[in-house]
Amino acid sequence: MAERFDRIWHNARLATMRGDRADLGEIEQGLIAARDGRIAYAGAQSDFPVDADAVERIDCAGRWITPGLVDCHTHLVYGGNRAHEFELRLQGASYEEIARAGGGIVSTVAATRSATEAELVAGALPRLDALIGEGATTVEIKSGYGLNAETEMRQLAAARGLGRLRPIAIRTSFLGAHALPPEADGDKDRYIDLVCNEMLPAVAKAGLADAVDGFMEGIAFSGEQTARVFAAARALWLPVKLHADQLSNLGGAALAAKFSALSADHLEHTDEAGAVAMAKAGTTAVLLPGAFYFIRETQKPPVELFRNHGVHMALATDCNPGSSPLTSLLLAMNMGATLFRMTVAECLAGVTREGARALGLLAETGTLEVGKRCDLAIWDIERPAELVYRIGFNPLHRRVWRGQ
């Protein structure tokens, strides 16, 4: 009896992303078959049973298929915007100067605290739709603009709500240790007590977070304070991630590795010791060229060190109102190549396989392999390099989520 599938995409070229860093896992005459929302076959068309049946067959006319894109670092849910601070930066103010003057993250906190969950969802939907429109099928969303239990949980609930309104997988990260709220009166240790003893347990009990994040930096929290948050997360069986070494090298990459973090993100000032530690721990480096570009950084992340030591590299938009108002993974790839000198294969892996790895989801998505979710992006391109090469052009032909 012929094998039956829900859907078959044939006459396609596949970039399976199953290869190593220099290999896209390309199959020129490829085919994908799906059953129950999962990939049941992904390989050469010549090896597929000729008598296989399907509810629907789609002729891809030679188009390329990649895994659905993964944006593994966003701050998509927030109130207000910070266009005024952008003007200040154009006049010469630094990111750190704006933050110390009461702008930056704290200014978004005020707008987010005053927004209802419905308003947060409504504000985030256009940003999410922009990512979906470029082939994203998995998006991570952080809190961090509430800095109190009520608003942090409202942000996370809004993020979860987005996943019910759109066909997309949403992963949430609790980022209570993002900045110091005004009411803390400068007492970082007391605020970290609040994060560890009240906010984090409440978030975990409500099941609102898939991971715990932090911002370890001079304008944010120290290594010792970050370690306390991570220890509290570990006690609640939640994996951790870290904004590390963005503006200075405080040893964030090494601390993330010490706690077996899923990822360490930004990493412009990471040294070789940090890269070695990440490699040993299996912690993914998430590079965020949008923030590097937007705040006019000059110190690039050590891509060559990461290559030399075998650190996996992901790319993400870092979509946020203050330092990376970016909602395009295609542009993030171009920036990764032009600003950080990443290869085409590294960029494409960064928003598929390695983005999934950074979220702990590689067993479910990120490559075209049997058993994984059938999340696909079908492109009107002649070669995969076009996805990295073009600027302001979206060649997405069709997006497939869970085989639909």
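This is a predicted model: local features need pLDDT of at least 70, side-chain atom pairs count only at pLDDT 80 or more; totals for chains, interfaces and linings use all residues.
Ala, Val, Leu, Ile, Met, Phe, Trp, Tyr, Cys and Pro count as nonpolar here, Asp, Glu, Lys and Arg as charged, and the others, Gly among them, as polar.

**The largest pocket**
- The largest pocket holds about 350 Å³ of space.
- Its lining takes in 17 residues, and Ala 99, Arg 100, Val 106, Leu 180 and Ile 219 are the closest to the centre.
- Helix H2 (95-100) and helix H3 (105-113) are the elements that give two or more residues to this lining.
- H2 gives the most, with 3 residues.

**Helices H5 and H6**
- Helix H5 (residues 149-165) packs on helix H6 (residues 188-206) at an angle of about 35 degrees, and the axes sit 10 Å apart.
- The crossing of H5 past H6 is right-handed.
- On the H5 side, the contact is made by Ala 149, Glu 152, Met 153 and Leu 156, while H6 brings Met 199, Ala 202, Val 203 and Ala 206.
- Sorted by class, that contact has 7 nonpolar residues, 1 charged and no polar ones.

**Strands around S5**
- Strand S5 (residues 64-67) runs parallel to strand S1 (residues 4-15), and 2 bridges join them.
- In this pairing, Leu 14 stands opposite Ile 65 of S5.
- S5 also pairs with strand S14 (residues 376-379), this time antiparallel and through 4 bridges.
- Here Pro 67 has Leu 376 of S14 as its bridge partner.

Terms used
Residues are numbered from 1 along each chain as its sequence is written. Side-chain values use heavy atoms; hydrogens and water are left out. Two strands pair if DSSP finds at least two bridges between them. Axes are lines fitted to C-alpha atoms, for helices over the stretch in contact, and angles run from 0 to 180 degrees between N-to-C directions. A crossing is left-handed if the near helix is turned anticlockwise from the far one by less than a right angle, and right-handed if clockwise. Contact means heavy atoms within 4.5 Å. On a 1 Å grid over the protein atoms alone, a cavity is a set of points where a 1.4 Å probe fits but cannot get out, and a pocket is an open set with protein on both sides within 12 Å along at least five of seven lines; lining residues have an atom within 4 Å of a point. Grid points are joined across faces, edges and corners, and a volume is the space filled by probe spheres set on the points.
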